[in-house]
Amino acid sequence: MSEPAALRHDWTREEVEALYARPLNDLLFEAQSVHRQHFDPNRVQISTLLSVKTGACPEDCAYCPQSVHHNTGLERERLLPVEEVVEAARAAKDQGATRFCMGAAWRNPTDRNLERVIEMIQAVRDLGMETCVTLGMLREEQAKRLAEAGLDYYNHNLDSSPEYYERVISTRSYADRQQTLKNVRDAGVNVCCGGIVGMGEDQNDRAGLLVELANQEVHPGSVPINMLVQVPGTPLYGVERLDPLEFVRTIAIARIMMPQSYVRLSAGRNEMSDETQAMCFFAGANSIFYGEQLLTTENPETEHDQALFARLGIEAETVERERADGPSCPAATAEAEPAS
Ligand code: SAM
Ligand code: DTB
Ligand code: SF4
């Protein structure tokens, strides 16, 4: 695939550490300048999440309240009926969300469960919303099946640097994750791939995560940057909290490294001040999860987010603009083919 010279896939950790070391004003100025070359700086894409299958996950991700290995008191729920999912998607659309993301606490979907999720995808598409699912590891033919069904995005995160990842998850390897991402990409579904910070990793790990994200064959269409939501009962509960300005730096560097991707200010907004979020938007974040719940934890109230957008003069991206132009600026071309 030919691509503009500005898109790089050969970042080194040293270069990224040098970005982290820059004075904050210089870093933010560069990130905002890059952002303006590719996007309308006052538009943010909004996605709403729904957990369609909750809890009792066999994986041991140390951050996750849904793992069967941790005692978080979460009540498990079976796969939701399609009607319930459509109702939630319609409500999200009425609130202004353009993308509906469905998450399942699985290591991987069975073929039977995949067909049930496909019914959900088709019903949500019929509402005129973009669809995203996150179901764990996918085989090649499962990714193709999702592509045929018209899925827009598949979310699968790398979570951290390869070394720190080993300390956080033992039941699934980094290579497994890269393989799922390849299967999704090869099937022609847009990739949504990011990670979590604030898990006790150091700056070199954050740089390592960003290098792995940007050096993929194609930059992910969406890059969710999550701040760890600390849930009692998970092994990472009580870990030292990350300086919010370090979070802002991470967003700015993601923007510089992946100039045409939607960088999503993801989990952790409920514990963030409005001012920190405003700095994240200035640093180049142009997508959020919107709606009062993430998967199992809280997100800010919709009224609060609406008021914040109004205070900042930010408008929500519409699905028509996204589909027509890729990134908000018509001059820009998305690296990943926008899904039809
Ligand atoms: N089970 C599937 C998987 O892991 O691929 C999909 C759902 S899983 C909950 C999706 C992502 O949510 C994880 O990869 C992780 O990045 C993020 N996540 C989970 N728990 C989190 C937490 N406590 N704080 C921040 N992000 C979290
Ligand atoms: C992503 O990167 N963050 C979202 C979404 N992809 C699926 C999930 C955040 C989950 C936060 C913890 C919870 O609510 O269970
Ligand atoms: Fe399971 Fe996903 Fe949670 Fe890991 S992050 S325990 S795979 S639901």
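Ala, Val, Leu, Ile, Met, Phe, Trp, Tyr, Cys and Pro count here as nonpolar, Asp, Glu, Lys and Arg as charged, and the others, Gly among them, as polar.

## Basis of the model

This is a predicted model, in which local features need pLDDT of at least 70, side-chain atom pairs count only at pLDDT 80 or more, and totals for chains, interfaces and linings use all residues. Residues are numbered from 1 along each chain as its sequence is written, chains are lettered from A and ligands numbered from 1 in the order in which they are written, and side-chain values use heavy atoms, with hydrogens and water left out.

## The chain

The chain has 12 helices and 10 strands; these are DSSP runs, with helices being H or I of at least four residues and strands E of at least two, numbered from the N terminus. The radius of gyration is 18 Å, close to the 20 Å that the globule rule gives for 340 residues, so the chain is as compact as a globular protein of that length. This radius is taken over C-alpha atoms, and the rule is 2.2 Å times the number of residues to the power 0.38. Along the principal axes, the C-alpha atoms fill a box of roughly 50 × 45 × 40 Å.

## Ligand 2

Ligand 2 is surrounded by residues including L49, P65, T134, F289 and L294; a residue counts as near if one of its heavy atoms lies within 4 Å. By class, this shell has six nonpolar, six polar and no charged residues.

Polar contacts are pairs of N or O atoms within 3.5 Å; within protein, one must be able to donate a hydrogen and the other to accept it, and residues adjacent in sequence count only if both atoms are side-chain atoms. An oxygen atom of ligand 2 is 2.6 Å from a side-chain N or O atom of T296, and an oxygen atom of the ligand is 2.8 Å from a polar side-chain atom of N157. The side chain of N155 has an N or O atom 3.2 Å from a nitrogen atom of ligand 2. Taken alone, ligand 2 exposes 410 Å², of which the protein buries 88%; areas come from the Shrake-Rupley method with a 1.4 Å probe, and for residues only the protein chains shown count as cover.

## Ligand 1

Around ligand 1 there are 16 residues, the closest being Y63, T134, N157, D159 and V229. Nine of the shell residues are nonpolar, five polar and two charged.

A polar backbone atom of A104 is 3.2 Å from a nitrogen atom of ligand 1, and a backbone N or O atom of W106 lies 3.4 Å from a nitrogen atom of the ligand. Taken alone, ligand 1 exposes 560 Å², and the protein buries 90% of that.

## Ligand 3

The shell of ligand 3 includes C57, E59, C61 and R172. Its classes are five nonpolar, one polar and two charged residues.
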